[in-house]
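Hi there,

Here is the structure I promised to pass on to you. Have a look at it first, and then read my notes below.

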Amino acid sequence: MEKGGLIGQWARDVRPGLYMVAAVCGLIDVTCIKALGGVFAEMMTGNILLMAMDVGSGGTFERSSRYLWPLAAFAIGAILGGRLLSLQQERAVRRTGFLIVWGTIAAAAAICWGYEPNGSEVLGRAITALLALGMGLQTAILRRHGVQDLATNVMTLTLTALLSESRLGEGSHPNRLRRVLSIGCFFSGGVIAAALVGRGTVYPLALAAIVYAIAMLPLMFGEKPN
């Protein structure tokens with residue numbers, strides 16, 4: 001009974017799910033950078049900056065265009081997220097949206113299990129685009145259903161808030177633990193991905209799918225803190 005009560009209490013709070021999403025984002029982006037073409041599936045700021053560097057350095061269109069795949073897929077995902085959010089049933093939106101995101105991660109892992117990219121540009125771009133589609137949808141949903149100061153991807157703002165509102169910044173430490181944990185989860189996901197990806201691209205992506213599957217319970221049914 002105590003165990004069931006603990007699980008029930010955990011599922012009623014969305015924050016554990018968001019911490020796990022932050023770890024998944026670290027897993028996915030490091031995997032894409034190291035094994036799937038050197039682009040980001042989730043941090044579009046990085047893709048825009050890297051593409052700007054290529055263009056400014058006189059890179060060929062073929063080289064620079066690799067960043068367009070995840071940008072376009074992320075945009076489609078964000079648009080789909082906006083369409084979902086226009087519906088009135090909040091729980092249905094969250095269930096459908098997060099299930100689709102998990103599906104893109106699981107599908108990417110399954111593809112890598114059957115066909116290791118091994119430097120294949122076409123397959124790597126397709127997998128990255130699939131992941132970016134899910135990340136765009138997720139980001140759109142979390143803009144409305146996320147929790148303040150619990151970032152899953154934009155760690156620059158979280159780090160700025162953590163430092164500017166610290167004692168050194170004459171602040172009062174609001175939500176300090178929440179900020180530190182989100183940064184730590186994101187960092188840990190990246191470290192684990194870097195350690196696993198050399199064994200095969202499937203390993204960090206399969207881990208991401210497993211973690212996301214666990215996260216879906218609080219993501220779908222949890223409530224924001226007051």
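The chain has 10 helices and zero strands, where helices (H or I, at least four residues) and strands (E, at least two) are DSSP runs, numbered from the N terminus. This is a predicted model, in which local features need pLDDT of at least 70 and side-chain atom pairs count only at pLDDT 80 or more, while totals for chains, interfaces and linings use all residues. Residues are numbered from 1 along each chain as its sequence is written, and side-chain values use heavy atoms, with hydrogens and water left out.

Of the 226 residues, 45% count as buried. Buried means under 20% relative accessible area, exposed over 50%, and partly exposed in between (1.4 Å probe, protein chains only). Among contacts (heavy atoms within 4.5 Å) with a separation of 6 or more, 76% join residues 24 or more positions apart.

Let's start with helix α5. Its 18 residues, 68-85, reach 25 Å from the first C-alpha to the last, close to the 26 Å expected at 1.5 Å a residue; that expected span is 1.5 Å times one less than the number of residues. Which residues of α5 are buried? They are P70, L71, A73, F74, G77, G81, L84 and L85.

Next, look at R66, in the loop between α4 (61-64) and α5. R66 is buried yet has no salt bridge, meaning a side-chain nitrogen of Lys or Arg within 4 Å of a carboxyl oxygen of Asp or Glu. The nearest side chain of opposite charge, D54, is 4.1 Å away; Lys and Arg count as positive and Asp and Glu as negative, while His and the chain ends are not counted. What does the side chain of R66 reach at 2.9 Å? The backbone oxygen of G37.

Finally, find A108 in helix α6. At 0% relative accessibility, A108 counts as buried. Leaving out residues up to four places away in sequence, A108 touches I127, L130, L131 and L205. A108 and T128 are 20 residues apart in sequence and 8.2 Å apart in space, C-alpha to C-alpha.

Enjoy exploring!

Technical notes. A polar contact is a pair of N or O atoms within 3.5 Å; within protein, one must be able to donate a hydrogen and the other to accept it, and residues adjacent in sequence count only if both atoms are side-chain atoms.
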